[in-house]
Amino acid sequence: MRVKSMLLDDDGITYVIGETKFRYRVEQKPNIKVGQEVELVDLIRKTRPYLVMSAETEKQMGARNE
């Protein structure tokens, strides 16, 4: 899958790959570039994100908070 975007904030870095968000701490920044093709299983094994959230899960969580 292709890396769509990278969002950087004070708490960490979020990569959007397909419809899934991968969250990393700043000090844990993986060597991933926007537009790069990645294999999801290998990405998770090698980079160890602390949060993985699909678009579906994000919608469900948003519905609960309303």
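**Core, rings and polar contacts**

User: Is K21 buried, partly exposed or exposed?

Analyst: This is a predicted model. K21 lies in strand β3. Buried requires under 20% relative accessible area and exposed requires over 50%. K21 has a relative accessibility of 29%, so K21 counts as partly exposed.

User: Which residue makes a polar contact with the side chain of K21, and at what distance?

Analyst: The residues that K21 touches, leaving out those up to four places away in sequence, are T14, Y15, V16, L51, V52, M53 and E58. For a polar contact, the N or O atoms must lie within 3.5 Å. The side chain of K21 meets this with the side chain of E58, at 3.0 Å.

User: What does I17 touch beyond four places in sequence?

Analyst: Residues up to four places away in sequence are not counted here. The residues touched by I17 are then M1, R2, V3, K4, F22, V38, L40 and L43.

User: How are the rings of Y15 and Y24 arranged, stacked or edge-to-face?

Analyst: A pair of aromatic rings is described by the distance of the centres and the angle of the planes. The count comes to one aromatic pair. The ring centres of Y15 and Y24 are 5.9 Å apart and the planes are at 80°, so the pair is edge-to-face.

User: Is T14 buried or exposed, and which side chain does a polar contact join to T14?

Analyst: T14 is found in strand β2. The relative accessible area of T14 is 11%, and the cut-off for buried is under 20%, so T14 is buried. T14 touches S5, M6, L7, K21, F22 and R23, not counting residues up to four places away in sequence. The side chain joined to that of T14 by a polar contact of 2.7 Å belongs to R23.

User: Over the face of which residue does R25 lie?

Analyst: For a charge over a ring, CZ of Arg must be within 6 Å of the ring centre. R25 lies at 4.3 Å from the ring centre, over the face of Y50.

Terms used. Residues are numbered from 1 along each chain as its sequence is written. This is a predicted model: local features need pLDDT of at least 70, side-chain atom pairs count only at pLDDT 80 or more; totals for chains, interfaces and linings use all residues. Side-chain values use heavy atoms; hydrogens and water are left out. Contact means heavy atoms within 4.5 Å. Helices (H or I, at least four residues) and strands (E, at least two) are DSSP runs, numbered from the N terminus. Buried means under 20% relative accessible area, exposed over 50%, partly exposed in between (1.4 Å probe, protein chains only). A polar contact is a pair of N or O atoms within 3.5 Å; within protein, one must be able to donate a hydrogen and the other to accept it, and residues adjacent in sequence count only if both atoms are side-chain atoms. Rings of Phe, Tyr and Trp (its six-membered ring) pair if their centres lie within 6.5 Å; planes under 30 degrees apart count as stacked, over 60 as edge-to-face and the rest as tilted. A charge sits over a ring if NZ of Lys or CZ of Arg is within 6 Å of the ring centre and within 35 degrees of the ring normal.
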